[in-house]
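Here is a quick tour for someone meeting this structure for the first time. Take a look at the picture, then read on.

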Amino acid sequence: MATKIRLQRGGRKGYAFYRIVIADARAPRDGKFTEKIGSYNPNTNPATVDLNFERALYWVEVGAQPTDTVRNILSNEGVYLMKHLRGGVKKGAFDEATAQKKFDAWKADKTKGADAVRESEEKAKKAAYEKELEAEKKINEAIAKKVSEKKAAKAEEEAAKAAEAAAEAAAPAEEAPAEA
């Protein structure tokens, strides 16, 4: 049986979510599989991968052939690096502890890079939010200024009308005693 490590699609239209599965090469994409070893969500930035590392390493070592995308995922998770380091241990180039130390150093560096990407993305979102908030404040100040000008003009108009009304009321009152 030719065994493949491949993606099995899930999720709704336009929002794909994948399971990483071990399947017979003749089985359909979303059909029967031997074992589920993880999941892959390309909708997040960076893409989220949940992988059973030991099982993935086992299947790669026994000869399961991954598809191109799965090969990239396994490589980014360090499965192929660990396979390479275990090969070095078998040949006697170094011991198991040295191999584990090299792998841990690589994994720490990889994690630091992913954290830097997340942090820079957060900073960019925060800066965009601050810029948008500042623009909105300027617009609100301009609107408030226009409203206050309109209120001041309306108050002046009402004051002028009140003065005219007072003047009209005072003028007939002055004329009335002259007639009498």
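## Before you start

This is a predicted model, where local features need pLDDT of at least 70 and side-chain atom pairs count only at pLDDT 80 or more, while totals for chains, interfaces and linings use all residues. Residues are numbered from 1 along each chain as its sequence is written, and side-chain values use heavy atoms, with hydrogens and water left out.

## The sheet

Let's begin with the strands. Helices (H or I, at least four residues) and strands (E, at least two) are DSSP runs, numbered from the N terminus, and two strands pair if DSSP finds at least two bridges between them. There's an open sheet of 5 strands here, in the order 4-3-2-1-5, with mixed pairing. Strand 4 and strand 5 sit at the edges with a single partner strand each, so one side of each has no neighbour in the sheet.

Strand 1 (3-12) and strand 2 (15-24) run antiparallel, joined by 10 bridges. Arginine 9 has tyrosine 18 in strand 2 as its bridge partner. These two strands make a hairpin with 2 residues between them, and glycine 14 in the turn has a positive phi of about 80°. Strand 1 also pairs with strand 5 (residues 65-66), this time in the parallel sense over 2 bridges, with lysine 4 opposite glutamine 65.

## Strand 3 and its neighbours

Strand 3 is mostly covered, as 6 of its 7 residues are buried (under 20% relative accessible area, with exposed over 50% and partly exposed in between, using a 1.4 Å probe and protein chains only). It's antiparallel to strand 2, with 5 bridges joining the two. Strand 3 and strand 4 pair in the antiparallel sense too, over 4 bridges, and form a hairpin with 6 residues between them.

Which residue in strand 3 stands opposite isoleucine 20? That's glycine 38, and glycine 38 also stands opposite leucine 51 in strand 4. Elsewhere, asparagine 41 stands opposite threonine 48 in strand 4.

## The nonpolar core

A nonpolar core is a set of buried Ala, Val, Leu, Ile, Met, Phe, Trp, Tyr and Cys residues joined through side-chain atoms within 4.5 Å. The largest one has 20 residues, and those with the most contacts inside it are Ile5, Ile20, Ile37, Leu51, Leu74 and Val79. Helix 1 gives the most to this core, with 4 residues.

Isoleucine 20 deserves a look of its own. Leaving aside neighbours within four places in sequence, its contacts (heavy atoms within 4.5 Å) include Ile5, Ile37, Leu51, Val70 and Ile73.

## The largest pocket

A pocket is an open set of points on a 1 Å grid over the protein atoms alone, where a 1.4 Å probe fits, with protein on both sides within 12 Å along at least five of seven lines; lining residues have an atom within 4 Å of a point. The largest pocket has a volume of about 400 Å³, meaning the space filled by probe spheres set on the points, which are joined across faces, edges and corners. Of its 14 lining residues, the closest to the centre are Pro46, Ala47, Glu77, Lys110 and Ala114.

Helix 4 gives the most to this lining, with 6 residues.
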